[in-house]
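Please look at the structure first and keep it open while reading.

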Amino acid sequence: MKLGFALPQFHRQASGVAHAAAFASAVEEAGAASLWVGDRNLAAVDPVVGYGGRGATIPEQLNSAADPFVLLGVAAGATRRVLLGSHVLIAPLYPPVQLARSLTTIDLISGGRLLPGFGVGWSPEEYQAAGLDFTRRGARMDELLDALEALWTTDPAHYEGVQLSVPPHHSPLKPARRPRPPFYLGALSERALGRVARRGDGWLPLCVVPSYVDIDGLIAQRSLLDRLTVQAGRDPEAIDTVLRVNIDAGTRTTQVAETIKRVHERTGIEHFMVDSMYAVDTVDGSLAHARQVLDLVARG
């Protein structure tokens, strides 16, 4: 089983971002398999759509957010072994050339350890701030994946779609991972799972301990994903899974470890990413929490 942990990025942990390199190095030394960032460009004061596409509120923990690309770069330079992922970047918000350049740089610094995870997001205000149409985010994601494929595998590179256009240009700098870094995609709905089936190298689901741990739902989603993948002419075994584990405030570390082990036993999921931003206020506290989870899971 692989355990990964979120870098100090959100809420009060964001105030300790100067310690991100030390955190990354210490968590790697403790035995973590991966380090992760999320993405929140802004948290609207009066959101049209609430957190996760539900309700009309956004948790205060998302009000402060450090830059995911900078954090991944810092972690890449401070570590030698762990994978470096995003769960998830709201990829359609970014121009494809700039997104490819940032991720290429991180992958090169890390020696090919990048696992870029993408999602379409749920906040209309984030799209408004970027001057983009929220209702076209799914189509923009599809084109973005095509554009990244071109930018990462051809030189000269170009892309021409309905929403995205990249003129022919010199593109000799490529990621260390060949032919390109894998596409990990967040997905809950059948439509989004269909995108994973057609285009994804990995799937990024979510649970919250203890308030939202739907193991039967995870099994059903993976079964649907497998069927859609076969229909797309691909091998389901080629699609990896990394489960994000958010933690409610006040949750015991033993409960987190027990949940991870239970989900692993029932679903076969091998890779988990633990985010303590709702439960731990400081970088030191997050490091202590990560060490405890690693120890408890290792005990079996």
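Helices (H or I, at least four residues) and strands (E, at least two) are DSSP runs, numbered from the N terminus. The structure is a predicted model, in which local features need pLDDT of at least 70 and side-chain atom pairs count only at pLDDT 80 or more, while totals for chains, interfaces and linings use all residues. Residues are numbered from 1 along each chain as its sequence is written, and side-chain values use heavy atoms, with hydrogens and water left out.

**A glutamine in a helix**

Gln221 lies in helix H7 (residues 215–231). With a relative accessibility of 17%, Gln221 counts as buried, a term that means under 20% relative accessible area, where over 50% is exposed and the range in between is partly exposed (1.4 Å probe, protein chains only). Its side chain reaches the backbone oxygen of Leu188 at 3.0 Å. If neighbours within four places in sequence are left aside, Gln221 is in contact (heavy atoms within 4.5 Å) with Ala187, Leu188, Leu193 and Trp203.

**Two packed helices**

Helix H1 (residues 20–30) packs with helix H9 (residues 283–298) at an angle of about 10 degrees, and their axes are 10 Å apart. Axes here are lines fitted to C-alpha atoms, for helices over the stretch in contact, and angles run from 0 to 180 degrees between N-to-C directions. H1 and H9 are therefore roughly parallel to each other, as angles under 35 degrees count as roughly parallel, over 145 as roughly antiparallel, 65 to 115 as roughly perpendicular and the rest as oblique. On the H1 side, Phe23, Ala26, Val27 and Ala30 take part, and they meet Val283, Ser286, Leu287, Ala290, Arg291 and Leu294 in H9. The residues of this contact between H1 and H9 comprise 8 nonpolar, 1 polar and 1 charged; Ala, Val, Leu, Ile, Met, Phe, Trp, Tyr, Cys and Pro count as nonpolar, Asp, Glu, Lys and Arg as charged, and the others, Gly among them, as polar.

**Backbone features in loops**

Most residues other than glycine have a negative phi, and most peptide bonds are trans.

| Cis peptide bond | Omega |
|---|---|
| His87 to Val88 | near 5 degrees |
| Arg178 to Pro179 | about 5 degrees |

Val88 is in the loop between strand S3 (83–86) and strand S4 (89–90), and Pro179 is in the loop between strand S8 (165–169) and strand S9 (184–186). His11, although not a glycine, has a positive phi of about 55 degrees. The loop between strand S1 (2–6) and H1 holds His11, which is buried, with a relative accessible area of 10%.

Key: Polar contact = N/O pair within 3.5 Å; in protein donor to acceptor, adjacent residues only side chain to side chain.
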